[in-house]
Amino acid sequence: SSNMEHDVSLKFHQQLLLISENLVTDDVAALKFLCIDLLHLSKLEGVKSAADIFKLLMAQEYLNAEDTFLLAELLYRIKCHSLLEKLGYTKEKVQERLHEKGRVSPYRQMLYELSENITNEMLNEIIFLLQNHLPKRWITPSALDLLTLLEKQGLLTKDNVQILKDVCKTVSPDLLEIIDCYKKAKGRDSSGWSFLFQPKVRLKYMVLEVWVLFSFKNVLFFTVGVGVFCPHHQLRFRSLAAESCLLHTDQKAAFFFSFLQTMKSYKMDGPHRGFCLIINNVNFNSSQRKGSCKDAEQLERVFTWLGLDVKTYTDLTSGDIINLMQIWQQEQDHKDRNCFICCILSHGKSGAIYGTDDKLVSIRMLTTHFTAKKCPQLAAKPKLFFIQACQGNNIQHPVYVDTDGPTPDLSSMQERVPLSESIPEEADFLLGMATVDGCVSFRHTEEGTWYIQALCSKLQLLVPRGEDILSILTQVNEDVAKRNSPSGTKKQMPQPAYTLRRKFIFPIPMAPPPS
């Protein structure tokens, strides 16, 4: 028994060491900050590595071989999802248990979320505004250091975030929204709204947590026939109407719906709408994507009509695609634009697209070139990516619905996989995929692909009606879902994922639609 305990302890410490070795300096700083409410600040100041934090957590009995959830939560919070498997967790398993076992306070989550969205330019402006509160010779290395200093001085507490509100009003209204979300939920504690930010909530209130998570920029997924998917709780809502029975026990639930209805829109009234890149890969070493030029031409016409500066690139290798993203990441003219759009037409595999050299490029790697920290000119602006590519070799088959008939065999249907690994987990991104993970998408050799042709058609039809992009993509889903292959046995379902915080609505063009 003693030897077994020793073996378990040794294995546990080896796991911790392996995790610590895979965390960089910024990760360690984030862990320190998230642990401030759990560990004494004076002890955290001496921390040099993640292993030092693990020792402190074990000393306070927050972490042991039998219960590693706190560490799993911390890794989840700092988005180091690949390390969760070292503890026997997945991102989904952590999400399922957060409402029961989560220890990082809503206040700490809010501050960390704020720091993740503060660019270097914003940080310099905040330091300038707060210079009377800062030591004269103190140089701020990061947003987390600044927030920690304000807490040390007593200027920032869970009950008083006014100093942050004051500076964010000047620096960025988008940052202010994160603070307001926290304050509104905290202010409702006395009137039955405390569950909005509490890690422990009753099941009947889980639907309302979407409101908080939406403001906190987590990914929401919409797919035709499924409804809203909240990844934080792995909770699926079949329809808003169906959930009314869940919510009727608390009339305040109506706030959630009114919030969605009155949600603000992104600023799209500037003199320059934005850049639209179209990467059209047609000629590969062993194949040719016939019909793709039709897609590229249609995209160019539609997005030019919508006021974007369209740039088309043909037959790019994997290296060319990466270099192109790096070039546009550094484009200074983004600062005068309202948005950024990138369309990629190519072959693909799960979570990746092919260059013409038949080498894969991760979709996540492409999209993360344009996060707020890597491309501050696009901070708080919507970034839309539309990917026309297969995501596997599986074929989706039709399911025949007949309420009076027998239930069809669903064993051959492919399970849909969330796109959270392809889209950055910060705000203002939308990723429109032609098909769900693991499945093929279809292309007519003369008329183009089902997805791109439906996208262009619905943009031309619905933008003049003032519809937002998510409503348009739902219509695209419906359009593509109705299509059949010539044999009638093959189907396709697009899948959008997004971290948009506002409605994205194209201004209605003065000219008529191009086709």
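**Salt bridges and helix packing**

The side chains of aspartate 67 and lysine 101 meet in a salt bridge, with N and O 3.2 Å apart; a salt bridge is a side-chain nitrogen of Lys or Arg within 4 Å of a carboxyl oxygen of Asp or Glu. This pair links distant parts of the chain, with aspartate 67 in the loop between α4 and α5 (69-77) and lysine 101 in helix α6 (residues 91-101), 34 residues apart. Helices (H or I, at least four residues) and strands (E, at least two) are DSSP runs, numbered from the N terminus. Aspartate 67 is partly exposed at 31% relative accessibility, and lysine 101 is partly exposed with a relative accessible area of 28%. Here buried means under 20% relative accessible area, exposed over 50%, and partly exposed in between (1.4 Å probe, protein chains only).

The structure is a predicted model, in which local features need pLDDT of at least 70, side-chain atom pairs count only at pLDDT 80 or more, and totals for chains, interfaces and linings use all residues. Residues are numbered from 1 along each chain as its sequence is written, and side-chain values use heavy atoms, with hydrogens and water left out.

A search of the whole structure finds 13 salt bridges. One of them joins lysine 152 to glutamate 45, the closest N and O atoms being 2.6 Å apart. Distant parts of the chain are linked by this pair: lysine 152 lies in helix α9 (residues 143-152) and glutamate 45 in the loop between α3 (41-44) and α4 (50-59), 107 residues apart. Lysine 152 is partly exposed, at a relative accessible area of 49%, and glutamate 45 is partly exposed at 45%.

Another salt bridge forms between glutamate 73 and arginine 77, whose closest N and O atoms are 3.2 Å apart. These residues are four apart in helix α5, and are therefore separated by about one helical turn. Both glutamate 73 and arginine 77 are buried. Elsewhere, salt bridges that share partners join Glu177, Asp428, Arg501 and Arg502 into one network.

Two packed helices are described by the angle between their axes and the distance between the axes. Axes are lines fitted to C-alpha atoms, for helices over the stretch in contact, and angles run from 0 to 180 degrees between N-to-C directions. Angles under 35 degrees count as roughly parallel, over 145 as roughly antiparallel, 65 to 115 as roughly perpendicular and the rest as oblique.

Helix α2 (residues 25-34) packs with α9 at an angle of about 25°, with their axes 11 Å apart. α2 is therefore roughly parallel to α9. In this contact (heavy atoms within 4.5 Å), Ala29, Ala30 and Phe33 of α2 meet Leu144, Leu147, Thr148 and Glu151 of α9.

α2 also packs with helix α7 (residues 106-116), at an angle of about 150° and with axes 10 Å apart. The two helices are therefore roughly antiparallel. Ala30, Phe33 and Leu34 in α2 meet Arg108, Leu111 and Tyr112 in α7.

The axes of helix α8 (residues 120-129) and helix α10 (residues 162-171) come within 10 Å and cross at roughly 125°. α8 and α10 are therefore oblique to each other. Met122, Glu125, Ile126 and Leu129 in α8 meet Val167, Thr170 and Val171 in α10.
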